[in-house]
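Colleague: I would like to learn how to read a model like this one. Could we take it feature by feature, with the general idea before the case?

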Amino acid sequence: MKTRLGCLSHKSDSYSDFSEFLPPAHETTARCLKLSTDEVVRWSESFDHLLAHKYGLAAFRTFLKTEFSDENIEFWMACEEYKKIKSSTKLVSKANKIFKEFIDIQAPREVNIDYRTRERTKQSLEDPSPTSLNEVQAKVYCLMEKDSYPRFLRSKMYQDMVNRAHAQGQRRSV
């Protein structure tokens, strides 16, 4: 227990700690780990650009883990998967799972939403549709965009990624 708590108290922001979330080493001979400066910088242009890029999303998830708020992105991703479900049986099952894990009061990974939103979501999930989670997902998205995303862009992790991409770009052009 003491060891676990010790790990939590040492919040790290060094780039090497995030390498496991980047492309596998065997792909580095291609262009994968060698993210272009343009790709990495584009993540700072909009939150949507960041979430739409496979490695941008992975980097942001990793950053949120360092801040102990990864439930937000995990919830957002679960909602994205939920919207794609076609089977009504699977929709009900996934809706219940998402509600119990992220929305319910005292849920293990409870997202920060107001009482009214929680109650409206609970009601809409009584007869779930692919859009039942849209309101609560939008609120969590806004929270991340206005709060976590600017901190991510200022983080040592992101700045290191920009610097490494820039350095790799310069080495390639020499």
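Colleague: Which residues of α6 are buried?

Modeller: This is a predicted model. A general point comes before the case: an α-helix has 3.6 residues a turn, so residues three or four places apart point the same way. In α6, the buried residues are Leu91, Lys94, Ala95, Ile98, Phe99, Phe102 and Ile103. Seen down the axis of α6, these buried residues fall within an arc of 140°, so they line one face of the helix.

Colleague: Which exposed residues does the face of α6 turned away from the buried side carry?

Modeller: That face carries Thr89, Lys90, Lys97 and Lys100. Take Thr89 as an example: its relative accessible area is 60%, and the cut-off for exposed is over 50%, so Thr89 counts as exposed.

Colleague: What do the buried residues of α6 pack against?

Modeller: They pack against α5, α7 (115-124) and α8.

Colleague: Where is Ile85, and is Ile85 buried or exposed?

Modeller: Ile85 sits in the loop between α5 and α6. With a relative accessible area of 19%, Ile85 is buried, because the cut-off is under 20%. Leaving out residues up to four places away in sequence, Ile85 touches Lys90, Leu91 and Lys94. Two of these, Leu91 and Lys94, are among the buried residues of α6. Ile85 and Ser129 are 44 residues apart in sequence, and their C-alpha atoms are 9.4 Å apart.

Colleague: How should I read a nonpolar core, and which residues touch the most other members here?

Modeller: The general idea is that in soluble globular proteins, nonpolar side chains tend to be buried together. In this model the largest nonpolar core has 42 residues, and Trp43, Phe60, Ile73, Phe75, Ile103 and Phe152 touch the most other members. The elements that give two or more residues to this core are α3 (47-52), α4, α5, α6 (88-103), α8 and α9 (156-173).

Colleague: Which residues is Phe152 in contact with?

Modeller: Setting aside neighbours within four places in sequence, Phe152 is in contact with Leu50, Ala59, Phe60, Phe63, Met157 and Tyr158. Phe60 is also one of the core residues that touch the most other members.

Colleague: How do I describe two helices that pack, such as α7 and α8?

Modeller: Two packed helices are described by the angle between their axes and the distance between the axes. For α7 and α8, the axes come within 9 Å and cross at roughly 145°. Thr117, Arg120 and Thr121 of α7 make the contact with Glu135, Val136 and Lys139 of α8. By class, this contact has one nonpolar, two polar and three charged residues.

Colleague: Next, salt bridges. How many are there?

Modeller: A salt bridge is counted when a side-chain nitrogen of Lys or Arg is within 4 Å of a carboxyl oxygen of Asp or Glu. By this rule there are eleven salt bridges. One of them joins Glu67 and Arg151, whose closest N and O atoms are 2.6 Å apart. Glu67 lies in the loop between α4 (54-66) and α5 (71-83), and Arg151 in helix α8 (residues 134-154), so the pair ties together parts that are 84 residues apart in sequence. Glu67 is partly exposed at a relative accessible area of 22%, and Arg151 is partly exposed at 27%.

Colleague: What about Lys83 and Glu80?

Modeller: Their side chains meet in a salt bridge, at 3.1 Å from N to O. Lys83 and Glu80 are three residues apart in helix α5, so about one helical turn separates them. Lys83 is partly exposed at 33% relative accessibility, as is Glu80 at 26%.

Colleague: How far apart are the closest N and O atoms of Arg109 and Glu101?

Modeller: In that salt bridge they are 3.7 Å apart. Arg109 has a relative accessible area of 26% and Glu101 one of 24%; each is partly exposed. Elsewhere, salt bridges that share partners join Glu67, Asp147 and Arg151 into one network.

Colleague: And for the whole protein, how many helices and strands are there?

Modeller: There are nine helices and zero strands. Of the 174 residues, 40% are buried. Among contacts with a separation of 6 or more, 61% come from residues 24 or more positions apart.

Note on methods: Residues numbered from 1 in each chain as written. Predicted model: local features only at pLDDT ≥ 70, side-chain atom pairs only at ≥ 80, totals over all residues. Heavy atoms only, no water. Helix = DSSP H or I, 4+ residues; strand = E, 2+ residues; numbered from the N terminus. Buried < 20%, exposed > 50% of the residue type's maximum accessible area, 1.4 Å probe, protein only. Core = buried A, V, L, I, M, F, W, Y, C linked by side-chain atoms within 4.5 Å. Contact = heavy atoms within 4.5 Å. Arc of directions from axis to C-beta. Axes fitted to C-alpha atoms, helices over the stretch in contact; angles between N-to-C directions. Nonpolar A, V, L, I, M, F, W, Y, C, P; charged D, E, K, R; others polar.
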